[in-house]
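Let's take a walk through this model together, from a single side chain to the whole chain. Please have the sequence and the 3D view ready.

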Amino acid sequence: VYEIATQYRKSAGTTNNVQFLLDHIKDKSITSKAQLEAALAYLKKNPGDLSGFNAAAGVGVVVTPEQIKAEVKAILEANKAEIAEKRYRTNTFAFLGALREKLPWADPKAAKDTFDAELVAVLGPRTAEDDAPVSNDKKNPAKPVAKEETAAAAAAEPEMTFLGAAARFHAPGHND
């Protein structure tokens, strides 16, 4: 209700739409911010047409913890090789995004907590190797530069070369 009153009043359109949304919030058919945002987007695109509102806003959709857990297990199973290789360094945001696509009306906090719990169940507790900093030296090893090469390169370059506008300046000490 606070969201509609403060932020979404103008984007919801007419006061009929606001009252329509408030009625849905009051009877608890819209319970999450994601549902409210989807409802507002639908009302903005289709101001007079309410025929597809329930489907577009997820009205009455209840996602159970069992559904979330089943989807999390399916995502972890599908990406088992990457998770086993990278362990806790895996980009979990991509997996949570896939979960959000499959269950758009699920509570995000419950989905993240379930995902984290299942990840720990699959990988076990974190180890010291999981918390160790990543070194990029394996991918791009730096070549050791000999002191003789750097000295030769410095001698080959002129001391100071001016290009562009800097070339037109007078020499230091000649202010005549």
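Glu129 is exposed, with a relative accessible area of 67%; here exposed means over 50% relative accessible area, buried under 20%, and partly exposed in between, using a 1.4 Å probe on protein chains only. You will find Glu129 in helix α9, residues 128–131. Helices are DSSP runs of H or I with at least four residues, strands are runs of E with at least two, and both are numbered from the N terminus. Arg87 lies 42 residues away from Glu129 along the chain, and their C-alpha atoms are separated by 9.8 Å.

Before going further, a word on the model: it is predicted, with local features needing pLDDT of at least 70 and side-chain atom pairs counting only at pLDDT 80 or more, while totals for chains, interfaces and linings use all residues. Residues are numbered from 1 along each chain as its sequence is written, and side-chain values use heavy atoms, leaving out hydrogens and water.

Now compare another glutamate. Glu118, in helix α8, is buried, with a relative accessible area of 12%. Setting aside residues up to four places away in sequence, Glu118 touches Lys69, Val72, Lys73 and Leu76, where a contact means heavy atoms within 4.5 Å.

Stepping back, the protein chain has ten helices and zero strands. Of its 176 residues, 24% count as buried. Among contacts in the chain with a separation of 6 or more, 61% come from residues 24 or more positions apart.
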